[in-house]
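Notebook open, structure loaded. I want to go through the fold, the core and a few residues, one entry at a time.

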Amino acid sequence: MNEIDEIIGEADDALLRKRVVDSFRRTMVHYGQWFAQVEHQLGMEKAMDVEADVWGASFQNQLKRLSKIFGFEIKDGMPAHLHTLSREELIDLLKNLGVNWLANDGIWFQAVEKKYGMNDAKRCNDSCWTRYSPFEAERIKQLLELPEQGGIPALKKALAFRMYALINKQSIEDVNENCIIFRMNECRVQVARKRKGLADYPCKSVGLVEYPYFASTIDSRIVTECVGCPPDEHPEEWFCAWKFTVVD
């Protein structure tokens, strides 16, 4: 037995369990770092193209190995248990995943704010959305097999498949075949602040990044305009509203 094996052999079971959980964490961060560096070196478009290949290979590799360890079956490239869930259970799962995603976003923001202040937290948040928003749009585009220039119909479908689409209340007004107004009628974050007696979180700066990047990834002809977003004044019926227009 070599020295490394001896060190591992001296670790108690509690430590090994923690090491298992930490392995998932390291893998997740390493995956993100790879994406960040490919984006930095080659650009976002090439990074998303490469990631599409990487995810397919990496996820299936990890899933196959974990299925042998934990004894679950794989069907159609995913845990077979997902095929046993009803439509209602699948939607409930998606809602919970959306809440987890939003909580993760908030925890990151609050951690930076606590250590370095609101200004740095907002800077990091806005920069994050310049990467995440087009990535999410591209994933939805692939998932729904949307065309490159799908116009307003493609954008409407894509907006319904965003991570927060099932946990916030949203509505779309058709202006004409080339223009819609999207309204966030109930925002989980803003509603929580309102419940606590706090003022709206001033999210306009991130919205001016998030929505144009998302829409232009779905269709490069789409121009985004802000109708209103905190700290702007807004009616009771919505917190923010965005106008999307296809411009040839």
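**Entry 1: a cut-off before I start.** I call a residue buried when its relative accessible area is under 20%, and exposed when that is over 50%. I also keep in mind that this is a predicted model.

**Entry 2: Tyr164.** Buried or exposed, I asked of Tyr164? With a relative accessible area of 7%, Tyr164 falls under the 20% cut-off, so I put it down as buried. I found Tyr164 in the loop between α6 (151-159) and β3 (169-176). Leaving out residues up to four places away in sequence, I listed its contacts as Trp101, Gln170, Met184, Glu210 and Tyr211. One of these I looked at again: the side chains of Tyr164 and Tyr211 are joined by a polar contact of 2.9 Å. I also took a C-alpha distance to Glu237, which is 73 residues along the chain from Tyr164, and got 18 Å.

**Entry 3: the whole chain.** I stepped back and counted 8 helices and 6 strands. Along the sequence I read them off as α-α-α-β-β-α-α-α-β-β-α-α-β-β. The C-alpha atoms fill a box of roughly 70 × 45 × 40 Å along the principal axes. Of the 248 residues, 30% are buried. I then took the contacts between residues at least 6 apart in sequence, and 55% of them join residues at least 24 apart.

**Entry 4: the core.** Which residues touch the most other members of the largest nonpolar core? I get Leu155, Tyr211, Phe214, Ile218 and Phe244, in a core of 35 residues. The elements that give two or more residues to this core are α4 (87-116), α5 (118-144), α6, β4 (179-186), α8 (204-218) and β6 (240-246). The most comes from α8, with 6 residues. Apart from this core I found another one, of 5 residues, including Phe35, Val38, Ala47 and Met48. A general reminder to myself: in soluble globular proteins, nonpolar side chains tend to be buried together.

**Entry 5: α6.** Leu155 took me to its helix. Not counting residues up to four places away in sequence, Leu155 touches Ile180, Phe214, Ala215, Ile218, Ile222 and Phe244. In α6 I marked Gly151, Ile152, Ala154, Leu155, Ala158 and Leu159 as buried. These cover an arc of only 160° around the axis, so they sit on the same side of α6. The face turned away from that buried side carries the exposed residues Pro153 and Lys157. I then looked up what covers the buried residues of α6, and the cover includes α5, β3, β4, α8, β5 (222-228) and β6.

**Entry 6: the strands.** I followed the pairings from β3 onward. β3 and β4 run antiparallel and are joined by 7 bridges. They form a hairpin with 2 residues between them, and Asn176 has Cys179 of β4 as its bridge partner. β4 also pairs with β6, again in the antiparallel sense, over 6 bridges. For that pair I noted Ile181 with Lys243 and Cys179 with Thr245. β5 and β6 are antiparallel too, with 6 bridges between them; there, Thr224 is the bridge partner of Phe244. How many residues of β6 are buried? I count 6 of 7, so β6 is largely enclosed by the rest of the structure.

**Entry 7: α1.** At its start, a side-chain oxygen of Asn2 reaches to within 3.1 Å of the backbone nitrogen of Ile4.

**Entry 8: cysteines.** How many disulfides does the structure hold? I found 0. Cys187 is in none, and the nearest cysteine sulfur, in Cys203, is 6.4 Å away.

Key. Residues numbered from 1 in each chain as written. Predicted model: local features only at pLDDT ≥ 70, side-chain atom pairs only at ≥ 80, totals over all residues. Heavy atoms only, no water. Helix = DSSP H or I, 4+ residues; strand = E, 2+ residues; numbered from the N terminus. Buried < 20%, exposed > 50% of the residue type's maximum accessible area, 1.4 Å probe, protein only. Contact = heavy atoms within 4.5 Å. Polar contact = N/O pair within 3.5 Å; in protein donor to acceptor, adjacent residues only side chain to side chain. Disulfide = S-S within 2.5 Å. Core = buried A, V, L, I, M, F, W, Y, C linked by side-chain atoms within 4.5 Å. Pairing = 2+ DSSP bridges. Arc of directions from axis to C-beta.
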